[in-house]
Amino acid sequence: MACIYGDIMKVDTTGASEKTARQDNLTVQGVDASHKLAEHDLARMRKYRDLIVKVGQSHQMDPAVISGIISRESRAGAALKEGWGDHGNAFGLMQIDKRFHKPMGEWDSEQHVSQGTLILIDSINKIKRKFPDWPKEHQFKGGISAYNAGDKNVRTYEHMDVGTTGDDYSSDVVARAQWYKENGF
């Protein structure tokens with residue numbers, strides 16, 4: 001499926017930080033750790049594959065990127081309690097923060113994943129306006145970083161993850177998304 005925001009396989013990434021890798025007691029970090037984390041979520045993610053693909057097609061967003069965010073944000077639902085995470089501030093598979101958005105739908109519904117995807121697209125578009133000279137794939141990665149920490153946090157391409165959760169958000173999501181892309185998403 002064509003994604004109008006860029007080709008996730010062409011986005012450079014350093015993957016997960018040591019801190020993020022420790023979630024699953026991994027002894028590796030970087031891209032290898034991101035791939036392992038994505039793989040650990042695969043069985044749960046398969047339950048949502050058709051839903052993710054449908055939402056991706058309707059919004060021209062690569063389903064692998066949606067999957068990468070779902071893996072990072074909620075571990076495909078495993079990190080949630082009654083649909084909530086982040087100390088009760090974030091809702092659903094894509095962890096929509098109630099302090100900034102009104103969560104819609106059930107925590108694992110098409111409506112929820114569509115809302116999260118539209119928030120991602122809005123973040124990408126903000127980065128495109130902020131950095132119009134960046135290549136498409138840099139804007140794409142910047143939008144993924146902004147999904148986590150806001151567009152104001154993205155100041156340079158090289159340091160866009162400073163201030164994101166784990167200081168590795170977009171790099172980890174991109175590496176997970178690349179793994180999902182290679183594994184049927």
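**Exercise 1.** In this predicted model, find which residues lie nearest the centre of the second largest pocket, and describe its lining by class.

*Solution.* Start with the lining, which is made up of 13 residues. Nearest the centre of this pocket are Thr14, Lys141, Glu158, Asp161 and Ser171. Finally, the space in the second largest pocket comes to about 160 Å³.

**Exercise 2.** State the volume of the largest pocket and work out which elements give two or more residues to its lining.

*Solution.* The volume of the largest pocket is about 870 Å³. Two or more lining residues come from each of helix 1 (18–21), helix 4, strand 3, helix 5 and helix 6. In total, 32 residues line the largest pocket, with Glu73, Gln95, Tyr147, Asn148 and Thr165 nearest its centre. By class, the lining divides into 12 polar, 10 charged and 10 nonpolar residues.

**Exercise 3.** Decide whether helix 6 is mostly covered or mostly open, and name what covers its buried residues.

*Solution.* Then apply the cut-off for buried, under 20% relative accessible area. By this test 10 of the 14 residues are buried, and helix 6 is mostly covered. The buried residues include Phe140, Lys141, Ile144 and Tyr147. Their cover includes helix 4 (63–74), strand 3 (96–97), helix 5 (110–130) and helix 7 (169–182). Just after helix 6, Gly150 has a positive phi of about 90 degrees.

Conventions: Residues numbered from 1 in each chain as written. Predicted model: local features only at pLDDT ≥ 70, side-chain atom pairs only at ≥ 80, totals over all residues. Heavy atoms only, no water. Buried < 20%, exposed > 50% of the residue type's maximum accessible area, 1.4 Å probe, protein only. Helix = DSSP H or I, 4+ residues; strand = E, 2+ residues; numbered from the N terminus. Contact = heavy atoms within 4.5 Å. 1 Å grid on protein atoms, 1.4 Å probe; cavity = no way out; pocket = protein on both sides within 12 Å on 5 of 7 lines; lining within 4 Å. Points joined across faces, edges and corners; volume = space filled by probe spheres on them. Nonpolar A, V, L, I, M, F, W, Y, C, P; charged D, E, K, R; others polar.
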